[in-house]
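This briefing walks through selected features of the structure shown below, grouped by topic. It moves from individual elements to the contact between chains.

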Amino acid sequence: MSRFLIVTLPLAGHVNPPAAVARVLQERGHDVAWSGSQARLRPWLGPDARVYPTGMRLFRGQGDNGIASVKSLWESFIVPFTRFTLPAVEKAVAEYQPDVVVTDQHALAGALVALRHGIPWATFCTSTIELGRPFATLPKAAAWIRGHLATLSAEAGLTEGQAGDLRFSPYLVIVFSSGFLLGEQGLPSHFALVGPALSSRPATTSFPWDRLDPARRHVLVTVGTMADADAMDFYPRAVEALRPLGDSVQAIMLVPPEALPSLPEHIIAIERIPQLEVLPHMDAVVCHAGLNTVSETLSNAVPLVVAPLTRDQPINAVNVARVGAGIRAHFYRARPDQLRAAVLALLSDPAYRAAAAMVRDSFTAAGGAPEAAARLERLAARPEPAAGAGNWSLSGL
Amino acid sequence: MDAPPGQRLLGEVMALVRQVIGDEPRWADRVTPSARLDEDLRMDSLEMAALAAGLGKAYGGRVNLAAFLAGLEFDHLVALTVADVAAYVRACGAGEGR
């Protein structure tokens, strides 16, 4: 039996995949504890999980778009969050005495503490923003991020040689996507592209199943909650896109019903759905290309219209379009007629669904949470950095 | 009276940006010299590629937007405006004396 400490961020997308892996580890007799915000993690992890609290602070700068969003992600979130949580993660490691620290790629305190104490550690990539190399052609932006990593390492008393690239463990990097979807070939062997770790999350939300008409096709529109004034008209544009299609299409829009008054009969506004249960019944999904929704949708071989906004969403959208499993749209500028044409293309051309099925098959072959757990078990049994991992670097990072 | 070359070039670059992002007034009206390509105009990678191609076509191979961006610090990339692009084109010695 081994002891794994998972260090993560207080965001659903950064907790659900590790939670699925943790369940498999526990089923195999291992012990798992968490380091993170008690208040945020507890509802996702349940009453029995052992959580070493880090406290919680609000960080600003979550609303930016495009490349500005990557800059604010680092300077307003990753860097201050790392400094804020470092003492608590130190304490968690001292008390729990893990055999392996598993840290989210952007919860850098986990990497720093593991390195300080010589504990084997692994990285969870719960987003595609680093592997997607958004700055492959913008070397000074990439260098700016490396500068932040160097500062954090130095503050923690680590030399550059000791720290390496805090975003990628030299022991094991678990990526919750597939090489096929990411377009990644030939990554070093300590990269485990395991596909999404979809948990059997208990459905806590009900759904009006009787409203789904089996004679029509079904489209789910989900682009999150919109704080930004420019973004708020996405749903109205989607309504206009789908309005003429009532004979053959029913749409579900993930938005509070009061936000979209007087909808036609075939468009249902509903604030929450049990997404994993609903997706198998969908024929197309319109989303902003967050990794969770993209992964869950493609796991059901459902094609997508991807209208990205921020962070790794543009990378996910490019990947979906590259493999032919969907169509890119401009989040702010796509007109209703363009959105309608994209949805109709997904519904009428079987090639999109076939490509989505290829992604699903790549996920299945990648092994998911059980494969991630098996790799972590192997690391605990033989805690050595991968051969050559110290000198290894991805071009474009 | 003709506009001075710098002004004319700025107008041309603004027209090119509008061509790339479409003519809907909500967005086209935001294309001003001080508009930031990223935060204000929300130009995505496809649109940036289209702008690069448009600049290359209009002003010749010396104008290489991708190479210009590759030389910029992160702060400048985020804050890059329409006028900055026009100034770069001008610095390439393109778009004048025609």
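In H4(A), the buried residues are A:Leu108, A:Ala109, A:Gly110, A:Ala111, A:Leu112, A:Val113, A:Ala114 and A:Leu115. The model is a predicted one, and the points below should be read with that in mind.

- Helix H4 of chain A, which spans residues 108-117, is mostly covered, since eight of its 10 residues are buried.
- The packing partners of these buried residues are strand S1 (3-7), helix H3 (66-96), strand S4 (100-104), strand S5 (121-125), helix H5 (139-155) and helix H6 (160-163) of chain A.
- Just after H4(A) comes A:Gly118, which takes a positive phi of about 65 degrees.

**The seven-stranded sheet of chain A**

- An open sheet is formed by seven strands of chain A, in the order S3-S2-S1-S4-S5-S6-S7, and the pairing is parallel.
- Strand S3 (50-53) and strand S7 (191-193) of chain A stand at the edges, and each has a single partner strand, so one side of each is left without a neighbour in the sheet.
- On average, and with direction ignored, neighbouring strands of this sheet are turned by 20 degrees against each other.
- Within the sheet, S1(A) and strand S2 (residues 31-36) of chain A run parallel and are joined by five bridges; A:Ile6 has A:Trp34 in S2(A) as its bridge partner.

**Strand S8 of chain A and its two partners**

- Strand S8 (residues 217-222) of chain A runs parallel to strand S9 (residues 249-254) of chain A, to which five bridges join it, and A:Arg217 stands opposite A:Val249 in S9(A).
- S8(A) also runs parallel to strand S11 (residues 284-287) of chain A, here with four bridges, and A:Thr222 stands opposite A:Cys287 in S11(A).

**Two non-glycine residues with positive phi**

- A:Ser262 is not a glycine, yet has a positive phi of about 45 degrees; this residue lies in the loop between S9 and strand S10 (267-270) of chain A.
- A:Ser262 is exposed, because 5 other C-beta atoms lie within 10 Å.
- A:Ala289, likewise not a glycine, has a positive phi of about 70 degrees, and its place is in the loop between S11 and helix H10 (291-299) of chain A.
- A:Ala289 counts as buried, because it has 31 C-beta neighbours inside 10 Å.

- Apart from neighbours within four places in sequence, A:Arg340 is in contact with A:Ala241 and A:Leu242; the C-alpha atoms of A:Arg340 and A:Val239, which are 101 residues apart along the chain, are separated by 9.6 Å.
- Helix H14 (residues 368-381) of chain A has 14 residues and reaches 20 Å from its first C-alpha to its last, close to the 20 Å expected at 1.5 Å a residue.
- The buried residues of H14(A) are A:Gly368, A:Ala369, A:Ala372, A:Ala373, A:Arg375, A:Leu376 and A:Leu379, and because they cover an arc of only 160 degrees around the axis, they are on the same side of H14(A).
- The exposed residues A:Arg378 and A:Ala381 are carried on the face of H14(A) turned away from its buried side.

**Helix H1 of chain B**

- Helix H1 (residues 5-21) of chain B has 17 residues and reaches 24 Å from its first C-alpha to its last, close to the 24 Å expected at 1.5 Å a residue.
- The residues buried in H1(B) are B:Leu9, B:Leu10, B:Val13, B:Leu16, B:Val17, B:Val20 and B:Ile21; because they cover an arc of only 125 degrees around the axis, they are on the same side of H1(B).
- The cover over the buried residues of H1(B) includes helix H2 (25-28), helix H3 (45-59) and helix H6 (82-91) of chain B.
- B:Gly22, which follows H1(B), has a positive phi, near 95 degrees.

**Contact between the chains**

- Chain B has 17 residues in contact with 15 residues of chain A, and helix H4 (65-70) and helix H5 (74-79) of chain B each supply at least two residues of the side of chain B that touches chain A.
- On that side of chain B, the residues divide into nine nonpolar, two polar and six charged.

Conventions
Residues are numbered from 1 along each chain as its sequence is written. Chains are lettered from A and ligands numbered from 1 in the order in which they are written. This is a predicted model: local features need pLDDT of at least 70, side-chain atom pairs count only at pLDDT 80 or more; totals for chains, interfaces and linings use all residues. Two residues are in contact if their C-beta atoms, placed from the backbone, lie within 7 Å. Ala, Val, Leu, Ile, Met, Phe, Trp, Tyr, Cys and Pro count as nonpolar, Asp, Glu, Lys and Arg as charged, and the others, Gly among them, as polar. The expected span of a helix is 1.5 Å times one less than its number of residues. A residue is buried if 20 or more other C-beta atoms lie within 10 Å of its own, exposed if 12 or fewer, and partly exposed in between; C-beta atoms are placed from the backbone. The arc is that of the directions from the helix axis to the C-beta atoms. Two strands pair if DSSP finds at least two bridges between them. Axes are lines fitted to C-alpha atoms, for helices over the stretch in contact, and angles run from 0 to 180 degrees between N-to-C directions.
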